[in-house]
Amino acid sequence: DWAEDAPGWTFVREHLRAAGRIARERGFDFVVTQYPSLERLDDGYPFRAEVDRLAAFCASEGLPFLDLLEPLLGQDGAALRVHVHDRHPGPTAHALVGRRLAERLADRLRPASAR
C-alpha cells in the first residue's frame, strides 16, 4: 500500500495536496495526523517507516504533520482498544491523543488577531 505508485498512497497524496491548496486559498489551517495502530507502542512500532514517510511527504508539501504516536508510546496497545475483538481506539487512547491535540493545536484555534 505504501509503494510509490500504489493506488492508495497516490490517492492520499493527491487529496492531501488538494486539501492543503483549499486551506491556503480559503485561509484556514490544515494539519495532518495519523492515528497509530494500537499494536506495539514502543521503539519497535511496526509502522514507523510509514509514519515517517507521511511526515516527509507533508513536509515537502508545506503541510503541518502531528505525530499521534508520541502520547501512546509505552502504553499497552491492547488495553487501549475498545474491545479485544475491536481494535479501534477506546476512551483512554482518545484521552491521551486528545491531550496532545489540545496542546499542539490550541494556538491555531485562536483568531489570528489574538495570537
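Predicted model: local features only at pLDDT ≥ 70, side-chain atom pairs only at ≥ 80, totals over all residues.

1. Residues are numbered from 1 along each chain as its sequence is written, and side-chain values use heavy atoms, with hydrogens and water left out.

2. Helix α2 covers residues 48–61, where helices (H or I, at least four residues) and strands (E, at least two) are DSSP runs numbered from the N terminus. Gly62, which follows α2, has a positive phi, near 70 degrees.

3. The buried residues of α2 are Val51, Leu54, Phe57 and Cys58, buried being under 20% relative accessible area, exposed over 50% and partly exposed in between (1.4 Å probe, protein chains only). They cover an arc of only 125 degrees around the axis, so they sit on the same side of α2, the arc being that of the directions from the helix axis to the C-beta atoms. The face turned away from this buried side carries the exposed residues Ala49, Ala59 and Ser60.

4. Helix α3 (residues 91–109) spans only 23 Å between its end C-alpha atoms, whereas a straight helix of 19 residues would span 27 Å. α3 bends by about 40 degrees at Glu103, the bend being the angle between axes fitted to the seven residues ending there and the seven starting there.

5. Arg100 lies in α3 and is buried, with a relative accessible area of 14%. Leaving aside neighbours within four places in sequence, Arg100 is in contact (heavy atoms within 4.5 Å) with Leu66, Asp67, Leu68, Glu70 and Pro71.

6. The largest nonpolar core has twelve residues, including Leu38, Val51, Leu72 and Leu96; such a core is a set of buried Ala, Val, Leu, Ile, Met, Phe, Trp, Tyr and Cys residues joined through side-chain atoms within 4.5 Å. α3 gives the most to this core, with three residues. Apart from it lies another core, of eight residues, among them Trp9, Phe57, Cys58 and Leu63.

Notes. Expected span 1.5 Å × (residues − 1).
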